[in-house]
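Please look through the sequence and the model shown below, and keep both at hand while reading this briefing on aromatic rings.

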Amino acid sequence: MNKKGIAVLGSTGSIGTQTLDVVRAFPDRFDIVVLTCGSNATLLVEQALEFLPQAVVVIDEAQFEFVKVKLSHTAIAVYSGTQALEEVVQFEEIDVVLNAIVGAAGLRPTIKAIKNGKDIALANKETLVVAGELVMGLASQHQVQMLPVDSEHSAIFQCLAGEETNPIEKIYITASGGPFRGKDRSFLASVTKEHALKHPNWVMGAKITIDSASLMNKGLEVIEAKWLFDLEVDQVDVIVHPQSIVHSLVQFQDGSIKAQLGVPDMKLPIQYALSYPRRLENNFERFNFLDYPQLTFEKPDLHTFRNLALAYDSLRKGGNRPCVLNAANEIVVDAFLKDKISFLGMSDVIETVLEKVNYLARPSLDDYIECDYAARRIAEEIIN
C-alpha cells in the first residue's frame, strides 16, 4: 500500500498538532513530507525529530539558526521565510497539502500547491474568503480536490457524498454561539479577552476563538461555503446549536435534510480529509445520544453580533469585499488580544475599513494582495 505524502502547513498550531495525532494513529497510511510553523521553533524541532520529514520551514527568520542547529545531525532540509512555503509545497512526494496556517498568509502556498497538482486539505478558511472565485477556478483547472477540514464544511462535504446529481436547496452551518450566546450589547461592551477566550465546546487557537466569540468565524465560514459548494448567498444559513453535535446540515430540493453528527473533535474531519474517500477505523470518542437528550437550535442575533451581518453584506457585494473584511478582522482581533480595542469596537473598525477601501468587482491576485494590505493599514491607523 502506497502511503499518502502529507505537507502540514502550520504544524505547531491546534489543527496542525491534531493532524499529527491522526498521522501517528495510521503510520502505514500517511507519511509526513513537510512541516512548517510560524515561530514555535522548539515544537517544530520536536515534531521534525519524530516524523523525519524531507523539509521544515520556520517563517520567523530569527529562528532559522536554532532550527538548523537542532536538526543538523539529520537529513532534514531547513528553510525560513514566507517564500519558502511556496517552494516546499511543490515537492514531488507530496500528495496532500493540509493548510492550517492562520489568516490570509495561507493564500499563496495554497495557490502554488494547486498549480502543482496537490490536493488541498483546507483548514485555512481565509484562502477562500480572500480569493474564493480565483482559488476554486484554479482547483477546477488543475483537477485537484479541495477537501474541507473545518468541521462544518466537512459535515456538508460528507452529506453531499452520493448526491452529485441532486441540487441543493439550502445548507445550514451550525454555530455554538460561543461564550457570549444570549448576551446583549450592553454586556459585550465590557467583556475582556479572558472572557472571549473561554469557548464552551472547542479548544482552538486564540484568533479563531475570538472569531467564534464575535461570530466572525461563522461569517468567514459562510463565505467559504459559498465557494466550496458553488452556492448563492441566500442558500447559506447560520443556525445556533449550543451543543456542537450537529456539525452542519444540507437540505435538498425535495425538502429532505441530511445532517452530520459527532462529538466536538477536530480529529474526525482531519482524518476524513486525509483518508478521503475512505473512512478508516479509529478509537476516537463515540457520540452517545443518551448523553445529549436535547439538541437545541436558535436564530443568530445579527444586531448584537454585527460581524456576521457584515460578512453576509460583503459576500453579497462580492469582488474584493470579503478580502477587505478578512484583513480588517485580522488586525482588530490582534488589537483586541493586545487590549488596544474593545470587543464591540472590532465591528466598528471593520465597517469603517469596508467603507474606505475602494471596491473592485473583479480583482486579480495582485489586486487581492493590494486590497489586503490597504485594509490592514487603514485598520491600524484607526486603532492607533
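**Aromatic rings in a predicted model**

A search of the whole structure finds 9 aromatic pairs, where rings of Phe, Tyr and Trp (its six-membered ring) pair if their centres lie within 6.5 Å, and planes under 30 degrees apart count as stacked, over 60 as edge-to-face and the rest as tilted. This is a predicted model, in which local features need pLDDT of at least 70 and side-chain atom pairs count only at pLDDT 80 or more, while totals for chains, interfaces and linings use all residues. Residues are numbered from 1 along each chain as its sequence is written, and side-chain values use heavy atoms, with hydrogens and water left out.

**A tilted pair**

- Phe 157 and Tyr 276 form a tilted pair, with 5.0 Å from centre to centre and 50° between the planes.
- Phe 157 belongs to helix α7 (residues 151-159), whereas Tyr 276 lies in the loop between α12 (267-275) and α13 (306-317), 119 residues apart; helices here are DSSP runs (H or I, at least four residues), as are strands (E, at least two), numbered from the N terminus.

**An edge-to-face pair**

- Phe 180 and Phe 343 pair edge-to-face, at 5.2 Å centre to centre and 85° between the planes.
- Phe 180 is buried, with a relative accessible area of 3%, and Phe 343 is also buried, at 4% (buried means under 20% relative accessible area, exposed over 50%, partly exposed in between, with a 1.4 Å probe and protein chains only).
- Phe 180, Phe 187, Phe 336 and Phe 343 form one aromatic cluster.

**A charge over a ring**

- The charged end of Lys 226 sits over the ring of Trp 227, 4.4 Å from its centre, where the criterion is NZ of Lys or CZ of Arg within 6 Å of the ring centre and within 35 degrees of the ring normal.
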